[in-house]
Amino acid sequence: MKHYKIVILAGDGIGPEITASATEILKEVSKHSDIKFDFIEKVIGGRSIDLHGTPITNDTLEVCLSSDSVFLGAVGGPKWDNVEHDNKPEQALLKLRKSLGLYSNLRPANVFKSLINSSSLKPNIIEDTDILIVRELTGGIYFGSPRGKDKKRGWNTLEYSKNEVERIAHVSFKLAQNRTKNLVSVHKSNVLESSQFWQDIVHEVHTEYSDVKLTDMYVDNAAMQIIHNPKQFDVIVTQNLFGDILSDISAMITGSLGMLPSASIGDNHSMYEPVHGSAPDLAGKNTANPVAAILSIAMMMEITFNEKTISSNLYQAVSDALEDGHGTADIINDESLSLSTTEFTNIVKEKYLKILTKQLEGSK
Ligand code: IPM
Ligand code: MG
């Protein structure tokens, strides 16, 4: 029996609803395997501010540090808009990423055939798109100092060290080696010294991965190219802020921000979360799209627990559910046919079981 300790940080807004879907799926996985999950639930973000006066307590951080993996729903909402900067819900996320050393953030965007008409982009443009954005997550302008604001100005610092660029470059080249061996390094080296430095280091690291084709692209052009011709991309590696922006753009290829999962990986820890936010207007309505959360669990199975079959079965279960025309309101054009969060999750569970049954019969 494998035994894993998973910290569950549901967070705010739709966070608890999509997190419930994620844990349902983990329980289903456990039911049909030799894996047992212990869930440790902790509050984070706005709820933690309300209860403990801080977006993340030391206790929560400690528990995450001693876990096998972390699942996070979403944090933030208008209720905490006026909280002082250092105490905002989002700070919990940044502190977790930094404290757990989660420097590589993987954000895949691929198109499910059944949803080809849900995107605002033309089907022939997005068909067969399969992009993996590797976002540097613990450096750059998000964390640089000095930072601050006073009555006359506001300032932040964009800085990258050699080690920070090297390690994310290694991760990206290795991922590209296992895909179609194309890596695009996105920066703004025509204007920023920090980007020239980034470019130089990525090229240095490239000498160790001669089988991968490396292309440089300015971030403004990359934003345009992702919409213009997304199929040209395989793996994209980029800095923290650029990755934040480009991953929202690439989400639109998939039809909804509710579709995009993510993995945040460091040398010793990992955290999985949907790319979407807390969507306060949808909170409590049982209408949020749980696909990003479920696919984040699929990523957890593959990357942290090396359970590749479980991972691909989960992905297939989501795909089969969508293929049958099921989905939440954000991806289903006819509102009368859209499902609730829990209904859709149940269908994914049924599909997962069907896949397992079929595999079992096949192996007899
Ligand atoms: C994301 C989010 C976060 C970020 C916010 C909530 C701090 O937008 O994960 O993309 O900017 O990194
Ligand atoms: Mg973002």
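Two strands are taken to pair if DSSP finds at least two bridges between them. In the predicted model described here, this criterion applies to β3 and β12, which are joined by two bridges and run parallel. Within this pairing, valine 70 stands opposite methionine 271 of β12. On its other pairing, β3 (residues 69-74) is connected to β1 (residues 2-11) by five bridges, and these two strands likewise run parallel. Isoleucine 8 has phenylalanine 71 of β3 as its bridge partner, and glycine 11 is partnered by alanine 74 of β3. Strand β3 is mostly covered, with six of its six residues buried.

These strands belong to an open sheet of ten strands, arranged in the order β2-β1-β3-β12-β11-β4-β5-β10-β8-β9 with mixed pairing. The edges are formed by β2 (35-42) and β9, each of which pairs on one side only. On average, and with direction ignored, neighbouring strands of the sheet are turned by 25° against each other. Helix α7 (residues 193-206) packs on this sheet, where it touches β5, β8, β9 and β10. The direction of α7 makes about 160° with that of β8. Helix α10 (residues 291-303) lies across another set of strands, namely β1, β2, β3, β4 (104-110), β11 (263-265) and β12 (270-272). Relative to β3, α10 runs at about 165°.

Strand β8 is mostly covered, five of its six residues being buried.

Helix α8 (residues 219-228) contains the buried residues Val219, Ala222, Gln225 and Ile226. Viewed down the axis of α8, the buried residues fall within an arc of 110°, so they line one face of the helix. An α-helix has 3.6 residues a turn, so residues three or four places apart point the same way. The face of α8 turned away from the buried side carries Met224 and His228, both exposed. The partners against which the buried residues of α8 pack are the strands β5 (130-136), β8 (182-187), β9 (213-218) and β10 (235-238), together with helix α9 (240-251).

Asparagine 240 is located in α9. This residue has 0% relative accessibility and is therefore counted as buried, the cut-off for that class being under 20%. When residues up to four places away in sequence are not counted, asparagine 240 touches Arg135, Glu136, Leu137, Thr138, Gly139, Tyr142, Phe143 and Tyr160.

Leucine 295, located in helix α10, is also classed as buried because its relative accessibility is 6%. With neighbours within four places in sequence left aside, the contacts of leucine 295 are Phe112, Met259, Pro261, Tyr315 and Val318. Leucine 93 lies 202 residues from leucine 295 along the chain, and the C-alpha atoms of the two residues are separated by 20 Å.

Lysine 113 and lysine 42 are 71 residues apart in sequence, and their C-alpha atoms are 37 Å apart in space.

At the level of the whole chain, the domain assignment gives domain 1 (1-108 + 258-364) and domain 2 (120-253). The C-alpha centres of domain 1 and domain 2 lie 24 Å apart. The contact between them takes 15 residues from domain 1 and 20 residues from domain 2. About 1500 Å² of area is buried between the two domains, and carbon and sulfur atoms give 64% of this area.

Technical notes. Residues are numbered from 1 along each chain as its sequence is written. Chains are lettered from A and ligands numbered from 1 in the order in which they are written. This is a predicted model: local features need pLDDT of at least 70, side-chain atom pairs count only at pLDDT 80 or more; totals for chains, interfaces and linings use all residues. Side-chain values use heavy atoms; hydrogens and water are left out. Buried means under 20% relative accessible area, exposed over 50%, partly exposed in between (1.4 Å probe, protein chains only). Helices (H or I, at least four residues) and strands (E, at least two) are DSSP runs, numbered from the N terminus. The arc is that of the directions from the helix axis to the C-beta atoms. Contact means heavy atoms within 4.5 Å. Axes are lines fitted to C-alpha atoms, for helices over the stretch in contact, and angles run from 0 to 180 degrees between N-to-C directions. Domain bounds come from an automatic or database domain assignment. Buried area is the accessible area (1.4 Å probe) that two parts lose on being put together, summed over both.
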